[in-house]
Amino acid sequence: MAETQGRSTVVGFDFGTTNSLMSVVVGDEVIDVLDVDGRPFPSVVRYEGGGKVVGRQARNSLESAGVGVHGTTVLSPKFYLGDESVNVGGVERSPIDIVNDVVSHVRSESLSGPLGGALDGASRAVVTIPITMNGPRRAALRDAFLRAD
Amino acid sequence: MDSDDEVAVTTGQGEDLRLPDPSTGAKADNTAISAEVPQPAEGDTPAPSDRSVDAGGPERNAPQNAVDAVCLPPQSADPHAPEGHHGGEGPASTPARRWPDPSAFVAELYGNAGKKLELRKTDVDDLNQVLLERVDESGVRWREEVERCSQLDPDLSVPPRLLAAISRVGAERSRVGAFAGDVVRVAMHKNLTLATAQLGPPRRGDLTEAWIDRTVAHLADVDASVELTENTVTSLVLLLSVDERWSMDRSIRALARRIWVDKSKRSQRSIPLGLLAESRTHEQFGTIAGAFLTEVRQAQQAVSTAEDGTQQAIRRLEIAEAERDQVLSRQEVLEAQLEELKESITAVESDLRSERESHRVSSTHAENDFEVLRARVLRTIDEQTLMLDDALHAVRNGVTDVTEEFVERVIQVLRREADALRGR
């Protein structure tokens, strides 16, 4: 647990199927940390060669696409947790790594956004999960969050 | 000397003792001892054979017979003899001497051991002449005579008598006085060496008060007689009083500390006050008492000075204690103030932390409200911009009723948003 000026903050992380966002309680209010357009971050990752595009930019490229892997783009990677690997554009990728890419993107964009100051001292998170998520999938989700820096 | 003025301060043999006064060089008349010594009647002329011995005291302890057998005074020492024939050395015109040479003086001195020695001024002059005339050829002989005769005086009774007699006539610093000192030193060297086998010769300049104490300690170690000890101390004090020019007071204290006090303690009887009152030796007692009164006054003055110093120290201590109490009281007040300040600082720090947290919360809430508003307005603008874009497209295609409907919708939305911004 990180501390800032003797204060530690535990954030809530809504890792959703479509969108994800972080929230924090400040005083007696809940602050939702959204992007510059006031919207949550899409849970989408697109791999381009050695690079990757995450969030709104990746989502915009697949405006009408549904859940799943579309070419090199993965929508709602949460569903793949617990699997050994996922074939994305001919490349076998770990679902934990894909989830980690989304979590890291949401974290960095939130901290650098207009309300990033509300997250000062945040080093731990309470993560929402579907009630149906079983033990191995929960463990995989925990590993993905622990890898986020 | 007036026999009425003598004080009963005895040496080991009851001999008279008169202390010299080096500061004045004058005779310390009548600081003598032995009231029981009979004195010749005034105007009496002692018989020739008695000239060197004035009314000898009780012949106690002295090996009188042995001394007489070896160290008889020469018959030729009679100054009233018709002509000088002492050894035949001097010219015929030389007046008759009481002693033809120093050895004769030594022989007579020890031949009358146990008796008080009385020297007159004429005797001193006589002996002075003898020493002047016969010093070269008699230097060895009289020393041998002293060594020989002193063996018959184991208690050293003669040296204090000789020094006392020299002192009475005030000849301590004359040639005769020096000669007497040398006689005493030779005798003491011989006897003390035999007695203790440790003591060196009490040569002129070697004597100190510490030397006296060391000598007394050695004599005590060998269980020497009281007489030997007292005569030794008396002789040494008399020698020191001349050699070191001791004051009368110092000499008296030295004798009192080493002889008189102990002797008084050893005495099993106290002297009746009436006997002291009838004493004819008030002058001597006065001299001794004066010395001790001086010492008492000095001690009282020292005590008074010490008491004054003590009082001053006590006053300084009281002042210092009062100052200390004031400082302690002030310290307590300051410590209480410090505690209050610390509590105030703690309270202020707590208030500051609360204020900072409150500010942070308020600031975060304000930022959040702004972002929510900004996002909503931005979304409204984007949506209405699309609506107006569609209306424009309809106008260009001649569908004015669609345009009218879209524009009315946009106007309604913008009015609601404006009202919302106004807080209605």
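Is B:Leu156 buried or exposed? B:Leu156 counts as buried, because 29 C-beta neighbours lie inside 10 Å. The views below come back to this residue after a short note on reading them.

This is a predicted model, in which local features need pLDDT of at least 70 and side-chain atom pairs count only at pLDDT 80 or more, while totals for chains, interfaces and linings use all residues. Residues are numbered from 1 along each chain as its sequence is written, and chains are lettered from A and ligands numbered from 1 in the order in which they are written.

**View 1. B:Leu156 sits in a loop of chain B.** Look for B:Leu156 between α3 (121–150) and α4 (158–168). Its phi is positive, near 55°, and it is a residue other than glycine. Most residues other than glycine have a negative phi. A residue is buried if 20 or more other C-beta atoms (placed from the backbone) lie within 10 Å of its own, exposed if 12 or fewer, and partly exposed in between.

**View 2. A:Ser76 lies in a loop of chain A.** The loop runs between β8 (73–75) and β9 (86–88). A:Ser76 is not a glycine, yet has a positive phi of about 50°. With 18 other C-beta atoms within 10 Å, A:Ser76 is partly exposed.

**View 3. Helices α2 and α3 of chain A cross.** Here you can follow α2(A) (residues 95–112) and α3(A) (residues 135–147), whose axes come within 8 Å and cross at roughly 50°. That angle makes α2(A) oblique to α3(A); angles under 35 degrees count as roughly parallel, over 145 as roughly antiparallel, 65 to 115 as roughly perpendicular and the rest as oblique. Residues of α2(A), including A:Ile96 and A:Val99, meet residues of α3(A), among them A:Leu141 and A:Phe145. By class, this contact has eight nonpolar, one polar and two charged residues.

**View 4. Strands β5 and β6 of chain A form a hairpin.** β5(A) (residues 44–48) and β6(A) (residues 51–54) pair in the antiparallel sense over four bridges; strands pair if DSSP finds at least two bridges between them. A:Glu48 has A:Gly51 as its bridge partner in β6(A). Two residues lie between the strands, and A:Gly49 takes a positive phi near 60° in this hairpin.

**View 5. Chain A meets chain B.** The side of chain A that touches chain B has six nonpolar, three polar and two charged residues.

Terms used
Two residues are in contact if their C-beta atoms, placed from the backbone, lie within 7 Å. Ala, Val, Leu, Ile, Met, Phe, Trp, Tyr, Cys and Pro count as nonpolar, Asp, Glu, Lys and Arg as charged, and the others, Gly among them, as polar. Axes are lines fitted to C-alpha atoms, for helices over the stretch in contact, and angles run from 0 to 180 degrees between N-to-C directions.
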